[in-house]
Amino acid sequence: MNQHPAAPVIAIDGPSGSGKGTVSRRVAAALGWHFLDSGALYRILALASKQAQVEAADAERLRTLAAGLRIEFKPPVAAEEQILLNGRDVTQAVRSEECGKLASELAVIPQVRESLKNLQRSFCRAPGLVADGRDMGTVIFPDAGLKIYLTASPGERAQRRYNQLKEKGLNANLPALLRDIAARDARDQNRAVSPLKPAAEAVVLDTTGTDVEQVVATVLAMARSRLGLKTG
Ligand code: C5P
């Protein structure tokens, strides 16, 4: 597909808990660019489907539901932006493990992925976009000027997820998170449409044992050299 993005894009993909959300937000903030949390769109659709009692098997109704979502991301209240669905604050509900699991089940459905494509691309605006997801570099922004694939060991990713949930005052259980991460990795990597994998030109960064500041600095250095950006 020959796509002409309206603005430069940095695509940051990787599995659950790889730190891509935190890294992408910080890179976007450092550059003064827009930020797309594509996983949140799958989570919002999952929540909306639960509310509307639409089954995962009903791909056509899911497509209609996706087309009618009214989503707003409000500037960060704390570390993450507030999410409104049809005017209602769904920030907490969307971040639950249950919602993440349902999102990953819906994400295997080709019609669901197709129905969220244009919405994701609409986030690409000047001066630039940092896009966080599973298929940002492979499918949604194939012409992204910089593609990063962040990963970390399953044990470390489960521990990070545990810490994040606890910080937000949500329930967390480490062995259950580890099982869930393994199941979600398998589903994301083995689905027929847009499976999770590094883009051919992606830089793969294993962040096991690396602190977030270091990863952010590495990505900003790459943005400087590959996209010719001045990042201070
Ligand atoms: O990143 P996050 O955990 O919020 O994403 C929730 C789920 O949505 C993932 O497990 C994955 O199955 C799906 N997803 C996807 N493609 C994306 C972003 C998320 O399939 N670009």
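## The interior and its surroundings

Tutor: A compact globule of 232 residues would have a radius of gyration near 17 Å, and the protein chain agrees with that, at 17 Å. The radius is taken over C-alpha atoms, and the globule rule is 2.2 Å times the number of residues to the power 0.38. This is a predicted model, in which local features need pLDDT of at least 70 and side-chain atom pairs count only at pLDDT 80 or more, while totals for chains, interfaces and linings use all residues. Residues are numbered from 1 along each chain as its sequence is written, and side-chain values use heavy atoms, with hydrogens and water left out.

The C-alpha trace of the protein chain spans about 50 × 40 × 35 Å along its principal axes. The protein chain has 11 helices and eight strands; these are DSSP runs numbered from the N terminus, helices being H or I with at least four residues and strands E with at least two. Of its 232 residues, 47% count as buried. Buried means under 20% relative accessible area, exposed over 50%, and partly exposed in between, using a 1.4 Å probe and protein chains only. Among contacts between residues at least 6 apart in sequence, 72% join residues at least 24 apart, where contact means heavy atoms within 4.5 Å.

The largest nonpolar core has 36 residues, and Leu36, Leu129 and Phe141 have the most contacts inside it. At least two residues of this core come from each of β1 (9–13), α2, α3, β4 (82–85), α5 (97–106), β6 (129–133) and α8 (136–140). Helix α2 gives the most, with eight residues. A nonpolar core here is a set of buried Ala, Val, Leu, Ile, Met, Phe, Trp, Tyr and Cys residues joined through side-chain atoms within 4.5 Å.

Beyond its neighbours within four places in sequence, Leu36 is in contact with Leu41, Gln120, Phe123, Leu129, Val130, Ala131, Asp132, Met136 and Phe141. Another core, of 20 residues, lies apart from the largest one; among its members are Ile12, Val27, Leu150 and Val215.

Two of the contributing helices also pack on each other. Two packed helices are described by the angle between their axes and the distance between the axes. For α2 (residues 38–51) and α3 (residues 59–67), the angle is about 115° and the axes are 10 Å apart. Leu45, Ala48 and Ser49 of α2 make this contact with Leu62, Leu65 and Ala66 of α3. By class, the contact has five nonpolar residues, one polar and no charged ones. The axes are lines fitted to C-alpha atoms, for helices over the stretch in contact, and angles run from 0 to 180 degrees between N-to-C directions. In the classes, Ala, Val, Leu, Ile, Met, Phe, Trp, Tyr, Cys and Pro count as nonpolar, Asp, Glu, Lys and Arg as charged, and the others, Gly among them, as polar.

Thr207 is in the loop between β8 (203–206) and α11 (212–227), and is buried at a relative accessible area of 3%. Leaving aside neighbours within four places in sequence, Thr207 is in contact with Ser18, Leu150, Thr151, Ala152, Glu156, Arg160 and Val215.

Ala7, in the segment before β1, also counts as buried, at 7% relative accessibility. The peptide bond from Ala126 to Pro127 is cis, with omega near 5°. Pro127 belongs to the loop between α7 (117–121) and β6.

Some backbone details remain. Most residues other than glycine have a negative phi, and most peptide bonds are trans. Asn86 has a positive phi of about 50° although it is not a glycine. Asn86 lies in the loop between β4 and β5 (88–89) and is partly exposed, with a relative accessible area of 41%. Ser194 also has a positive phi, near 45°. Ser194 is in the loop between α10 (174–190) and β8 and is buried, at 13%.

Gly169 lies in the loop between α9 (154–167) and α10.
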